[in-house]
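Hi,

Here is the structure I promised to pass on. Have a look at it first, and then read my notes below.

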Amino acid sequence: MIENCQKLKIQEITQKNIWEDFLMERANKTFLNSWNWGEFQKNMREKIWRMGIFNNEQLIGLVLVIKVSARRGNFLLTPHCPIIINSEIYNARALLEVLIKKLKNIAKKEKCCFIRISPIWERNKENIKIFKDLEFRDAPIQTHPEASWKLDIKPAENALLKSMRKTTRYLIKQAQKNKDIEIIQAQKIENLEIFNKLHKQVSKTQNFTPFSLKYLKNEFLAFNQDNSVSLFFGKYKGEVVAVSFIIFWSGIGFYHHAALSPKFRKIPVSYLLQWEAIKEAKKRGCGLYDFWGFVDNPKHPWYGPTLFKMGFSGYADKYVKTQDLVLSQRYWLNYIVEKIRKIKRRL
């Protein structure tokens, strides 16, 4: 186990194949770690750094760093990072200490008031203690999911159906029999206009802030260059009533964005749409399906979608909560703004 931080160094990674090959071998990862997510951030005019953590010449960790510019104060964000080879071999704290030193230097140059790490590390006492010992504090709001519902999709389709909640399996079969229900898959950016229209309508009724069409287009374009994104449309009597935005990356299918017209909640379109997305992930060689977001509080506004996801079977994967490292007093303005935002959204 590496104990001496001086043995570690951080270098910029400029080659996509080195970045992606490293991540392909990692079990715990999300598309927020991908090279394409970095490209998306650049298209959104954000400044990024792709950094590798090396032990001598061996690459043992990766971190994507994004500078988030905001009126309340700029900060550095590492989405679901860092990703390291094996915390049992490489001392996670030692790696984090080296990373923090580098991030502090960047933050100083970029006039950032704090560093926010949204880790995908298992939520256990040891990992929580690492961040606490390094003077991090829980962020007032999560930037990315701090827990996710996941499904092993390596078994055959019949086995997957059998493992589902009885009601979910029944509704999928009912939807398959219903001639008024149709599921369409699309890969053209023009189809995002249809997706965005329903997404905006649903956001008004469910009181959440939707991503802009510009955001969705840039994300779609970033992943579409590798044919790793697809739109699914659920139609009922010819009308689009359900949509989803699925990313297929590094052996995992991600259910990233979705919307269902409230008027058609009793029509099982969304169940068949989800099942078709899972089957597409299997066709593409994925072994895991990430439903992207999980809550276990019945009073949380996302609890309804969580129950829907759980019906397909699977398990909860909980990460260490989003962590902030305070660098200046300006941080507290951001803290207050985000705390108020969280209360208003009932999160």
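Ser 148 sits in strand E8; helices (H or I, at least four residues) and strands (E, at least two) are DSSP runs, numbered from the N terminus. At 1% relative accessibility, Ser 148 counts as buried, where buried means under 20% relative accessible area, exposed over 50%, and partly exposed in between (1.4 Å probe, protein chains only). Its side chain makes polar contacts to two backbone nitrogens: that of Trp 292, 3.2 Å from a polar side-chain atom of Ser 148, and that of Gly 293, at 3.3 Å. A polar contact here is a pair of N or O atoms within 3.5 Å; within protein, one must be able to donate a hydrogen and the other to accept it, and residues adjacent in sequence count only if both atoms are side-chain atoms. Leaving aside neighbours within four places in sequence, Ser 148 is in contact (heavy atoms within 4.5 Å) with residues including Asp 290, Phe 294, Tyr 315, Asp 317 and Tyr 319.

Before you go further, a word on the model: it is predicted, so local features need pLDDT of at least 70 and side-chain atom pairs count only at pLDDT 80 or more, while totals for chains, interfaces and linings use all residues. Residues are numbered from 1 along each chain as its sequence is written, and side-chain values use heavy atoms, with hydrogens and water left out.

Now the nonpolar cores, meaning sets of buried Ala, Val, Leu, Ile, Met, Phe, Trp, Tyr and Cys residues joined through side-chain atoms within 4.5 Å. The largest has 79 residues, and Phe 31, Trp 37, Met 51, Leu 76 and Leu 96 touch the most other members. Helix H3 (residues 92-109) gives this core its largest share, 10 residues. Apart from it lies another core, of 33 residues, among them Ile 172, Phe 232, Val 269 and Phe 308. Back in the 79-residue core, Trp 37 touches, beyond its neighbours within four places in sequence, residues including Phe 31, Leu 64, Pro 79, Tyr 215 and Phe 223.

Two other residues to look up:

- Asn 74 is in the loop between strand E3 (58-68) and strand E4 (75-79). Its side chain reaches the backbone nitrogen of Ala 70 at 3.2 Å.
- Arg 341 lies in helix H11 (residues 331-344) and, at 30% relative accessibility, counts as partly exposed. Not counting residues up to four places away in sequence, Arg 341 touches Arg 72 and Ile 141. The C-alpha atoms of Arg 341 and Ile 141 are separated by 8.4 Å, though the two are 200 residues apart along the chain.

As for the whole protein, there are 11 helices and 15 strands. Of its 347 residues, 53% count as buried. The C-alpha atoms fill a box of roughly 65 × 40 × 35 Å, taken along the principal axes. Among contacts between residues at least 6 apart in sequence, 74% join residues at least 24 apart.

Cheers
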